[in-house]
Amino acid sequence: MSVEAQGDYAIIGTPVPKKDAWIKVTGEAKYADDLFLAGMLHGKLLRSPHPHAKISHIDASRAEKLPGVRAVVTGKDFPGIKYGSMPRTRDYLPLALDKVRYIGDEVAAVAALDEEIAEEALDLIRVDYEPLPAVFDAEEAMKPGAPQLHDRAANNISAETAFQFGDVAKGFAESDYLQEDFFETQPIKQGMLEPHACIGLWDASDRITLWASKQSPYVVWKQLSMGLGIETSRIRVIQTYVGGAFSGGKQEAMPMDFCAVLLSKKSGRPVKFVHTMDEVLTIGHLRHPMKIWLRTGVKKDGTLVAQHLKIIADGGAYSSIGQLSMYLPGAMLNLPYRVPHVRYEAYRAYTNNGFCGALRGHTIPQVCFARDSQLDMIAEKLALDPIDIRLRNALRPGEITPNGFRIGTFGFTECVEKALQASGWKEKRGKLPRYRGIGMGCASLVSGARVMGHSASTAQVNVHEDGTVALVTGSTDVGQGADTVLSMIAAEVLGVRMEDVRFALVDTDTTPADPGTFSSRVTFWTGNAVKLAAEDARRQLAEVAAQKFDTDVKEIVFRDRQVYVRDDRQRQLGFEELVRIAQHRQGKVIMGKGSYTSGEALIDFRTGYGNMSPAYTPSACVVEVEVDPQTGQVTVTGLWGAHDCGFPLNPMLVSGQVLGATVMGIGQALYENLIRIDGKVMNPSFRDYKMPLTEDMPKLANVGHVNVITNDPSGPFGAKEAGEGAAAGVIAALANALYDATGVRFRSLPFSPDKILFALKESDSKREERQAR
Amino acid sequence: MKHASPISLKVNGDDYELSIPAWRTLLEVLREDLNLTGTKRSCQEGQCGACTVLLDGRPVYSCLFLAVEAQGKEILTIEGLARSAGALDPIQKAFVEKGAVQCGFCTPGLVMATKSFLAENPNPSEEEVRRAMVGHLCRCTGYFQIIEAILAAARERAGKGAQA
């Protein structure tokens, strides 16, 4: 059973509303597009209409002469330095120089008095292209003689990974049963509602300021410096409120950011860019579409012995963080099941499609879909219960996986059991009528990982004389509630109330450097930093109080805006009063500081051994579906999940994260598919790119989320990841539920009505054939 | 040069005299001319609902609605719903308390749509809420906490016997 919540918290563990909810619900929160600077110009980007072409000449003279146009830039206006996050694979340019590699690649940009003039000017820029042969399929791209996208990448291999832990050949030889399957996943988009937006200013002192909607402002800051060839000290990135991110480009410096600042230099005025939704859906940062081969060897009783996973991913035109993208599926095959022998090979191929990167769960959901679908197939072949096979192989706390993950807290068995209870599995499985079914899928995720050089988080807690606290971190709230949870941690430690804590948005001039918001790291990493910073401030205050009460520092308690001696509450004073004593009488301005890093070494993503994260989370998801045999339409009629988040610092926010991630997974499983024909996106609009809607959701009574509490000793107040893992397990849960409902196994995403209808017809005709015989 | 026409708009009870090209949308005029940026610009083709405002109490996608067509009507935007955090509409309060706000970009549109919906249907079923909000995308929440908030707001209004 799960461990009960421990400790006697005033704020932690309570469903406090989000700190920024009030200004968001009144429309006051300023997102990047809501900012208007005096004299501001409007920018637009010219994009390549060709999937692959040489640029032989660009003539922007007619655009420059259009009344209202103030500046035009092309690739030649930049220093020609390639930038990117991973040192080995930097291949982005602010604007294309000599070559375009996908339909949508940025070629030139215009700043004008308004958006209409800027758009008109784009039509006047003449670009002479020499079209080149293009390649749109990852396997085709890797064949000799295929069109080459980047000089440095032979056979278009953008990233590759190969590792083996244990001895897979031996493992297969020792297995009683082998199962091999092929799965295919589709490209999907983040689908955040706020398009990318920024305002760039290059002032007369040669200082650059960028106001932008970013989830990792410091990455943007460094990449701007890299691509512009200008030191970071001359660049300042100021974060605005972020209208959803999910790694859809807001984690990096984008061409719009570079163009905004350079057009500002040329025009002497601030320049604003906002993507249209057509642009958002056309440009890169997709989830990698993958071809997945998975071979698994098991004992008769279902014990997993060996797995061999092979992946070919269409990476699109650029690298992004492709090395990490390719490492993760093989690494995460080690969780949440115990597999003694693991072999993994992955290739990420450049193609002339929009480029791929991370998206809520990165490349983990794809492999969870394959693995947890196959587990059900194996269970059926061996006449085992699909739950039993999961529980039999469940990793336990304290184990070390073959690839070197050190498993600390890990309530996976509890997750499976809680999901079963919540869903009424035992009453339903095998007892539902035809076309209704129930299935389970499981997953694991990290609580932050060291993926680049800088991975530490730092926090500053500035205590003011009115007894309030200004919390300064380098972390970004993209809607997940970092501002709230980090403020809760500071408030809990200092014994003040939520409304006493102010949370600052990132400004690279004043906030501490931080890698940003990704891999579910903020609550864990920045949370630990905030806790240390608040404890530092509390220690400074406790020293003043201990002196005043003539007692030991350890005896001082901070709670409910009061400070008192543990066993003698007569000796107490208000928090505000204590701050004044410290500041006014003793000249001590209270500033707490804390930093956290996991201390793990950077993993070589190509060879794969090492402990990626300080804590791992398991989750289990059960889905109930109903299939309409006339239309092929799938209705999700029930959804239950259990997630080991360590300790839910704010149960309402955890629930919002887990359910939101789950529904995103449902979107990938049932509806979403960015359709490309010869590199052209055919559905770049929310009209045609279908995301889940209110009516697609099950009734509230049939939705459940259970927290499995394991109180991770290395997380702040026991907390671990909660925002991504749930998106991974749900896809296999749906595949397994569909199989239960129809007897048809779907191995290719999405499970769209056409595929389902076709498969149902085929299985019906097979049944008729069998009956005729 | 662009040909501008004089128009009169009544927004959140205030009268505005403007001179704008006739093709400009209500969304553009609200945001760019009146600085009412609470109404969000997202898909700009009537799919996401983030730009929803009320015209004589009925919800419209302001990205698909010409400003000139809004003349003579009472326009209500999110800024007109509550002037201060202390005076939140029960709908806004429910969105805050139920966790219906994450990134918040869809929120103003959803709040405005809910305002109109609950005025017409003060005691909706969960099914009716789901049906009514189908024109709004939210990528963060999975909608459950939004549906809960709308039902909670309806209960709150019923409790107070509110008609507004």
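A:Pro336 lies in the loop of chain A that runs between helix 9 (322-332) and strand 16 (341-350), where helices (H or I, at least four residues) and strands (E, at least two) are DSSP runs numbered from the N terminus. The peptide bond from A:Leu335 to A:Pro336 is cis, with omega near -5 degrees. The structure is a predicted model, in which local features need pLDDT of at least 70, side-chain atom pairs count only at pLDDT 80 or more, and totals for chains, interfaces and linings use all residues. Residues are numbered from 1 along each chain as its sequence is written, and chains are lettered from A and ligands numbered from 1 in the order in which they are written.

A cis peptide bond also joins A:Leu749 and A:Pro750, with omega about -10 degrees. A:Pro750 is placed in the loop between helix 18 (726-742) and helix 19 (753-772) of chain A. Most residues other than glycine have a negative phi, and most peptide bonds are trans. A:Asp550, which is not a glycine, has a positive phi of about 50 degrees; this residue is in the loop between helix 15 and strand 22 (556-559) of chain A. A:Asp550 counts as exposed because it has 8 C-beta neighbours inside 10 Å. A residue is buried if 20 or more other C-beta atoms lie within 10 Å of its own, exposed if 12 or fewer, and partly exposed in between, with C-beta atoms placed from the backbone.

Chain A contains 19 helices and 30 strands. Its radius of gyration, taken over C-alpha atoms, is 27 Å, close to the 28 Å that the globule rule gives for 773 residues, so chain A is as compact as a globular protein of that length. The globule rule is 2.2 Å times the number of residues to the power 0.38. Of the 773 residues of chain A, 61% count as buried.

The largest nonpolar core has 308 residues, and A:Ala490 and A:Leu734 have the most contacts inside it. Such a core is a set of buried Ala, Val, Leu, Ile, Met, Phe, Trp, Tyr and Cys residues joined through C-beta atoms within 7 Å. Helix 15 (residues 522-549) of chain A gives the largest share of this core, 13 residues. Beyond its neighbours within four places in sequence, A:Ala490 is in contact with residues including A:Val461, A:Val530 and A:Ala534; two residues are in contact if their C-beta atoms, placed from the backbone, lie within 7 Å.

Domain bounds come from an automatic or database domain assignment, which for chain A gives domain 1 (21-27 + 456-596), domain 2 (32-132 + 195-242 + 250-282) and domain 3 (286-450 + 604-765). The C-alpha centres of domain 1 and domain 3 of chain A lie 38 Å apart. Between these two domains, 16 residues of domain 1 are in contact with 20 residues of domain 3. Helix 14 (482-494) and helix 15 of chain A each supply at least two residues of the side of domain 1 that touches domain 3, and the largest share of that side, six residues, comes from helix 15.

Between the chains, 43 residues of chain B are in contact with 46 residues of chain A. The side of chain B that touches chain A has 21 nonpolar, 13 polar and nine charged residues. Here Ala, Val, Leu, Ile, Met, Phe, Trp, Tyr, Cys and Pro count as nonpolar, Asp, Glu, Lys and Arg as charged, and the others, Gly among them, as polar.
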